[in-house]
Amino acid sequence: MPSLDIRRNDTVMVLTGADRGKTQRVLRVFPDKGTVLVEHVRMVKKTVSSKTSRQRTKGGIAEQESPINASNVALVCPNCGRARVGHKMSGDTRIRICKKCGQELAAKK
């Protein structure tokens, strides 16, 4: 399975498309497809039905995020902005670092 340097709750900047320049939080990562789901980016309309009695949702047209290719987003460093990701070993764990300033990139909880 391919690995991605982007993780859930990371802050990323969109590089291409209609939402270019937006800086938002990653909601979900799909490493097998190489895509990420970014908050309020690539919004699509989806029809929702309320046929079943168990659902309490109202039927109609709802907006939701659609996955975007991971190559079209860049991780954002808190110090220097858009960053390339490097790795460094700390004991047995591999830590993501910013290539510009060398600061550790940790996902926000």
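Thr-35 touches Leu-4, Val-29, Phe-30, Pro-67, Ile-68, Asn-69 and Ala-70, leaving aside residues up to four places away in sequence, where a contact means heavy atoms within 4.5 Å. This is a predicted model, in which local features need pLDDT of at least 70 and side-chain atom pairs count only at pLDDT 80 or more, while totals for chains, interfaces and linings use all residues. Residues are numbered from 1 along each chain as its sequence is written, and side-chain values use heavy atoms, with hydrogens and water left out.

**Overall build**

- The protein has 0 helices and 10 strands, these being DSSP runs numbered from the N terminus (helices H or I, at least four residues; strands E, at least two).
- Along the sequence the pattern reads β-β-β-β-β-β-β-β-β-β.
- Among contacts in the protein with a separation of 6 or more, 42% are between residues 24 or more positions apart.

**Surface and burial**

- Of the 109 residues, 27% count as buried, a term for under 20% relative accessible area, with exposed over 50% and partly exposed in between (1.4 Å probe, protein chains only).
- The protein exposes about 7800 Å², of which carbon and sulfur atoms supply 47%, by the Shrake-Rupley method with a 1.4 Å probe.

- Thr-35 lies in strand 3 (residues 35-38), and Thr-35 counts as buried because its relative accessibility is 13%.
- Arg-96 belongs to strand 10 (residues 93-98), and Arg-96 counts as buried because its relative accessibility is 3%.
- The side chains of Arg-96 and Asp-10 are joined by a polar contact of 2.8 Å, that is, a pair of N or O atoms within 3.5 Å; within protein, one must be able to donate a hydrogen and the other to accept it, and residues adjacent in sequence count only if both atoms are side-chain atoms.
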